[in-house]
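Have the model open as you read.

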Amino acid sequence: MWEQIRLNQRRSVVLVIAIAFILVVLGFVIGEAVQPGAGLIGVAVAALVWGIMSLVAYYQGDGILLAVSGAKEIEKKDHPQLFNVVEEMTIASGMGKMPRVYIMNDMALNAFATGRDPQRASVAVTAGLLGKLKRDELQGVIAHEMSHVVNRDVLFMTMVGILLGSIVMISEIFLRGLRFGAAGSRRYRSGRGGGQGQAIMLLIAIAFAILAPIIAQLIYFAISRRREYLADANGAVLTRYPEGLASALEVIGADEHILERANKATAPMYIVNPFAKAGRFAVGLASTHPPLDERIRILRAIGGTVSFQQYDAAWRTVRGSSRGVIPPSALMQGEAQAVLAPQPEEEEPDERKRMRQAGDVLRKVNQFLFLPCACGLTMKLPPDFKQDKVSCPRCHRELEAPVAQVAAAAQVGAFMAGQGQAPLRAAAAKAPAPEAPPQSAPLQITRQGPGWASFKCTCGQPLHLAPGEETTDITCSNCGQHISVVESLPH
Amino acid sequence: MISLMVLLAVVVVLVLWVIGIYNGLVQLRNQVKNAWAQIDVQLKRRHDLIPNLMETVKGYMVHERQTLENVTKARNLAAQASGVAQQAQAEGNLSRALGQFFVVVEAYPDLKANQNFLALQEELTSTENKIGFARQFYNDQVMRFNNKIQMFPSNVVAGAFSFQASEFFETEEAAEREAPKVSFT
């Protein structure tokens with residue numbers, strides 16, 4: 001595995017060396033400009049900046065990226081389908097360990113992967129993506145993302161990004177410092193009588209400080225686009241179903257939403273350029289991703305069998321180019337495999353339903369309370385909802401705020417015996433009555449129907465039950481109390 | 001003296017090279033084994049899911065006893081099967097029985113609205129996919145291993161340490177792999 005990954009990157013390595021060279025020259029020129037003969041010190045400073053940023057990115061990169069994008073980790077029961085798809089791709093790629101799964105609260109359609117190696121990988125998708133894509137399409141997107149992890153693109157692009165960041169940072173500091181310190185440095189220079197040579201060096205440094213970030217960025221984009229093609233190819237090989245990714249890209253391309261919390265440094269990790277629609281980036285040379293319609297056409301041009309060679313051939317046809325994009329080492333691996341037959345029109349939940357599911361997962365991780373009313377409506381209360389009663393907007397029944405649902409068994413018994421005007425209590429009465437002695441009675445809640453349900457523990461911690469999750473006992477994640485769950489059967 | 005040192009250097013390089021190839025072969029062989037274990041894990045998982053599924057649908061599908069029994073029987077046979085050939089056949093039968101079952105399910109709209117059933121269905125669909133992907137990965141690994149064994153120069157080392165080529169996991173019909181995928185939804 002390793003020798004192949006290393007070979008894959010050989011082509012990109014030339015470009016990386018180019019960026020590193022720019023950084024060294026930048027450090028040298030600025031050093032010379034500040035003080036003649038201090039060029040090497042400038043290089044050392046540049047290297048130091050780069051070194052520190054690299055260390056931070058290497059050890060904390062994934063955490064920072066996930067935090068910046070506002071992604072929340074989810075569990076299998078929150079969205080089984082997404083989890084299964086990630087697991088399937090883990091198996092297909094032979095990664096060994098399943099990445100952690102995150103969801104971002106954003107209606108834009110996007111996804112990214114992070115983690116420096118397959119052992120500590122994470123994939124994150126937006127809620128919009130979960131809502132819009134069918135299973136096959138989701139699988140294509142996840143396959144693309146996992147390919148980034150398997151190819152070590154995440155590590156590679158982070159490191160290149162750090163080089164780029166160092167160049168941008170050093171240029172910026174130099175140019176700003178020049179502006180602020182103009183008076184001081186003039187006095188300093190005239191005092192030493194450095195004269196013309198120094199002035200020319202300063203001009204060169206300024207020109208270089210302006211140009212270097214631009215050139216480095218263009219190289220960076222070129223590398224990024226190459227890795228995108230490779231991840232597309234790898235994704236198609238993993239799923240044996242290029243159409244899944246192609247149609248996912250089509251859906252993503254047709255969408256108008258803009259990712260709110262993307263930033264430039266993280267752009268290459270996403271499945272599509274998060275800035276493309278914001279008009280902040282030109283297409284072509286100055287984009288982290290190849291144009292969407294081209295990626296789709298390449299994927300669709302793959303014939304009845306899928307392999308790296310096929311993708312490369314399709315790439316050459318679509319681009320009208322004689323040189324391919326896939327590194328030779330990848331071309332050698334694997335023989336052509338039959339493309340899977342498209343699945344027949346299936347009855348997947350429609351878009352509205354999928355959207356609602358995705359939204360519910362988000363509300364769950366954001367500690368919303370799900371309060372099902374007896375009329376079938378589920379109310380979703382934000383975590384800062386303070387009143388203890390809420391009126392159902394459909395049937396106008398008064399519902400107890402969910403913390404009241406948690407009560408010692410004795411109190412539940414009292415509820416059922418006593419005033420039964422609230423539908424929740426009426427429903428509770430149908431459940432088998434708890435016969436535990438009142439003193440040591442465990443906490444208990446009654447669940448309405450099979451959908452999401454949630455309530456607050458007596459300690460105030462919101463707890464959730466996902467649809468399809470069958471349990472009779474849950475443990476509060478905050479205080480550790482056991483709470484038993486009673487199903488109130490609708491029939 | 002110099003020629004002796006050159007000779008020694010050549011021998012050392014040669015030994016290191018053989019060690020490298022040998023270790024590479026062992027690694028590949030272990031990967032093949034591991035990939036096989038992955039298939040097994042998923043097959044077991046399918047066996048575990050079926051009783052749950054049958055329990056859930058029993059109440060709804062009172063008139064389909066025969067179909068349900070077929071699935072259960074096929075599942076039990078598959079769980080007991082030993083040996084690659086027998087196992088492959090038993091799993092194939094199970095896939096077909098499940099395929100029939102999911103065709104019949106179409107006639108029960110109540111069942112298809114049942115949360116529990118839907119959750120199980122997603123699990124089973126995914127397990128089928130996972131079996132497929134595990135098999136795919138296994139075959140990829142086998143091919144890399146076999147290539148290494150048969151290609152020069154690693155074939156010399158492989159021959160000297162008698163590495164055996166592994167077998168591909170072929171399904172009898174190409175359709176079989178997709179069949180469950182199709183009928184599950």
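In which sense do strand 13 and strand 14 of chain A pair, and over how many bridges? Strand 13 (residues 453–456) and strand 14 (residues 462–465) of chain A pair in the antiparallel sense over 4 bridges; pairing here takes at least two DSSP bridges between two strands. Phe455(A) has Leu463(A) of strand 14 as its bridge partner.

A word on ground rules: this is a predicted model, where local features need pLDDT of at least 70 and side-chain atom pairs count only at pLDDT 80 or more, while totals for chains, interfaces and linings use all residues. Residues are numbered from 1 along each chain as its sequence is written, with chains lettered from A and ligands numbered from 1 in the order in which they are written.

Strand 13 of chain A is covered on both faces, with these buried residues (buried means 20 or more other C-beta atoms, placed from the backbone, within 10 Å of a residue's own):

Zooming out, chain A has 16 helices and 16 strands (DSSP runs numbered from the N terminus: H or I of at least four residues, E of at least two). Of its 491 residues, 43% are buried.

Now the helices. Helix 10 (residues 242–254) and helix 11 (residues 292–301) of chain A pack at about 160°, axes 9 Å apart. Helix 10 and helix 11 of chain A are therefore roughly antiparallel (an angle over 145 degrees).

Note on methods:
A residue is buried if 20 or more other C-beta atoms lie within 10 Å of its own, exposed if 12 or fewer, and partly exposed in between; C-beta atoms are placed from the backbone. Axes are lines fitted to C-alpha atoms, for helices over the stretch in contact, and angles run from 0 to 180 degrees between N-to-C directions. Angles under 35 degrees count as roughly parallel, over 145 as roughly antiparallel, 65 to 115 as roughly perpendicular and the rest as oblique.
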